[in-house]
Amino acid sequence: MALDANVSQGVPDKRVVVKDGSTVSHDDQAYRAGDELVLPGPTAIAMELNNYVTILGDVV
Amino acid sequence: MIHDLLEEVGSKNHVQAVVYRARAVGGRVTHDRGDPLDAYATLAQAPMLVIQDKLRMLAGKRPIYLPEAFRRVGGELVSVTPNLRTTVGIDYVATQLGGVSSATPAKYIAVSNNTNAPAAANTATNTTNTRICWGTASATDAAASTSRGEYTALGVARAAATYAHTGSATSFTQTITFTASGACTSLQCAGLFDNSAQNNGTLFCENTYTATSLATNDQLQIAWTLNI
């Protein structure tokens, strides 16, 4: 049980794919392994560090 | 971008077996040389950075891998702090699992610059200035104090987080990114609620982090890890 706070600026949104075995819910949509979605950049980075998603690239 | 960090952490957590092959050279037996570290280096996965830093912090040392990983992607790790589940949050879990569950999960994150410590007795409607005042709306920025409430504007108003869970893992995360639309002074606490509106719902957990001021367009990312 922990809270991780991180400050940044100008990190673009990122296109990600949900990793095997993981589920993600974003904007009231459920995503399963292999599904692609767009997340705010810092959120995507944190979720990649937690091994939930793979970042495919920036969304310009 | 963080390959060397993963390699360094990977080198701390594996069993390494190296064989030096014998070969005959001019009637004498010699052994191949080489750099076994280069030849057998292993690479950790990104979550190992988190785990390694947790072990460091449990040993009283400062985290080093996670802050560096965030720095390289343009961020700055503000803090990692243990959680506090409120009394009403405990009751909320019991109701969700065994009673009549509410329609919405606890997925809404709010922030404040109230200077009180987290308290198990706190609630979503509290306005008493001995606890974090989630029942008070703060629509404009001001100095941090014991009476400050929940930010309801400036890009940091309560909003739904992104939920993630890996099968069989005994934890899940709620992660959100706020982008400030104006100055926010000394943000230092966060609450996790089951309702999208300020002064409503159940305060499931609350927590504090190192006070951080935001300028316009600064992004504050909060990742809440909850063990189950």
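Me: How many residues does the contact take from chain B and from chain A?
Reply: The contact takes 50 residues from chain B and 30 residues from chain A, where contact means heavy atoms within 4.5 Å. This is a predicted model, in which local features need pLDDT of at least 70 and side-chain atom pairs count only at pLDDT 80 or more, while totals for chains, interfaces and linings use all residues. Residues are numbered from 1 along each chain as its sequence is written, chains are lettered from A and ligands numbered from 1 in the order in which they are written, and side-chain values use heavy atoms, with hydrogens and water left out.

Me: What makes B:Lys107 and A:Asp28 a salt bridge?
Reply: A salt bridge is a side-chain nitrogen of Lys or Arg within 4 Å of a carboxyl oxygen of Asp or Glu; the closest N and O atoms of B:Lys107 and A:Asp28 are 2.4 Å apart, so the pair forms a salt bridge.

Me: Why is B:Thr86 called buried?
Reply: Buried means under 20% relative accessible area, exposed over 50% and partly exposed in between (1.4 Å probe, protein chains only), and B:Thr86 has a relative accessible area of 0%, so B:Thr86 is called buried.

Me: Why do β1 of chain A and β13(B) count as paired strands?
Reply: Two strands (DSSP runs of E, at least two residues) pair if DSSP finds at least two bridges between them. Eight bridges join β1 (residues 2-9) of chain A to β13(B), so these antiparallel strands count as paired; within β13(B), B:Leu220 stands opposite A:Val7.

Terms used. Helix = DSSP H or I, 4+ residues; strand = E, 2+ residues; numbered from the N terminus.
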